[in-house]
Amino acid sequence: MDFYNIVFYLFALITVVSAAFVVTTKNVIHSAFFLLFTFFGVAGIYVLLGADFIAVVQIMVYVGGILILLLFGVMLTNKITDVEIRTGTIHLLPAAIGVGVFMGALIAVMVWTNWKSVPTEIPLTTTKTLGNLLITDYVLIFELLGILLLIALIGAASIARRDKE
Amino acid sequence: MLQVGLTHFLVVSAILFSFGIYGIVTRKNAVMVLMGIELVLNAANINFIAFAKYGNFGFSGQMIALFVIILAAAEAAIALAIVLNIYKTFLSVNVDEIDHLKE
């Protein structure tokens, strides 16, 4: 067991355990905080796969943006009387059985398929390469995503602020 | 077996995906359903980046993971705007109670 493996198992454990807590705790705020650990664990896994820029983007966008947005959503859609904001659950048992079977099948496929596995040497920093690709091969998608983000911004603002007449 | 390879990353992603589906199916609160969707998107991203490293596809996988993150941000903003509107109209965000299209 070298250092790489130990770090991988550590991050995998953090990710899986906190994801399990996200979907099982009753308290919505606790779920949001466990989601923070899941995102950090996934960012660690990205680093282990040699995607350092994606890991930084993951932390900045997910933790700095989406998680805060979700917390705002929780705070704005509950009558806040105390810190306990609970969520109900429906058909737990059928969902647990179905998802258990599904997870088993998925893991079996992942383990037993003979994947083509040629570990490529990824350079130490990927930022420059990704930036070059973004304005050469992927420039159309880049522009489209810029327009999409603008539309999402305007749309979200106009949907959330619509007043009842 | 203990030596980390492509399969280990795929298994972590499969577990994360299943937990996300479980959260989407069982939670009543619409914001919690969104958290499940984020878990599913993260699982897909791990797959993209794992195959980018082990499948010898160059940087395409990492680029697509970047695009997925951008789309997730846009989706979360729009979805929360809709959830806020639903709360204003029905005074509840439980997805099993909101089953009519007008007030």
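Chain A has a radius of gyration of 20 Å, well over the 15 Å the globule rule gives for 165 residues, so the chain is more spread out than a compact globule. And just to be clear, this is a predicted model.

Still on chain A: along the principal axes, its C-alpha atoms fill a box of roughly 60 × 45 × 25 Å. Buried residues come to 24% of the 165. If you take contacts in chain A with a separation of 6 or more, 58% of them join residues 24 or more positions apart.

Now, the domains. The assignment for chain A gives domain 1 as 1-83 and domain 2 as 85-165, and the C-alpha centres of those two lie 14 Å apart. So where do they touch? Ten residues of domain 1 are in contact with eight residues of domain 2. On the domain 1 side, the elements giving two or more residues are helix H2 (28-48) and helix H3 (52-76) of chain A. H3(A) gives the most there, with three residues. By class, that side of domain 1 has five nonpolar, three polar and two charged residues.

Last thing, over to chain B. Have a look at helix H3, residues 60-90. How far does this helix reach from its first C-alpha to its last? With 31 residues, H3(B) spans 44 Å, close to the 45 Å expected at 1.5 Å a residue. Following H3(B) you get Leu91(B), and its phi is positive, near 55 degrees.

Notes
Residues numbered from 1 in each chain as written. Chains lettered and ligands numbered in written order. Predicted model: local features only at pLDDT ≥ 70, side-chain atom pairs only at ≥ 80, totals over all residues. Helix = DSSP H or I, 4+ residues; strand = E, 2+ residues; numbered from the N terminus. Expected span 1.5 Å × (residues − 1). Rg over C-alpha atoms; globule rule 2.2 N^0.38 Å. Buried ≥ 20, exposed ≤ 12 C-beta atoms within 10 Å, placed from the backbone. Contact = placed C-beta atoms within 7 Å. Domains from an automatic or database assignment. Nonpolar A, V, L, I, M, F, W, Y, C, P; charged D, E, K, R; others polar.
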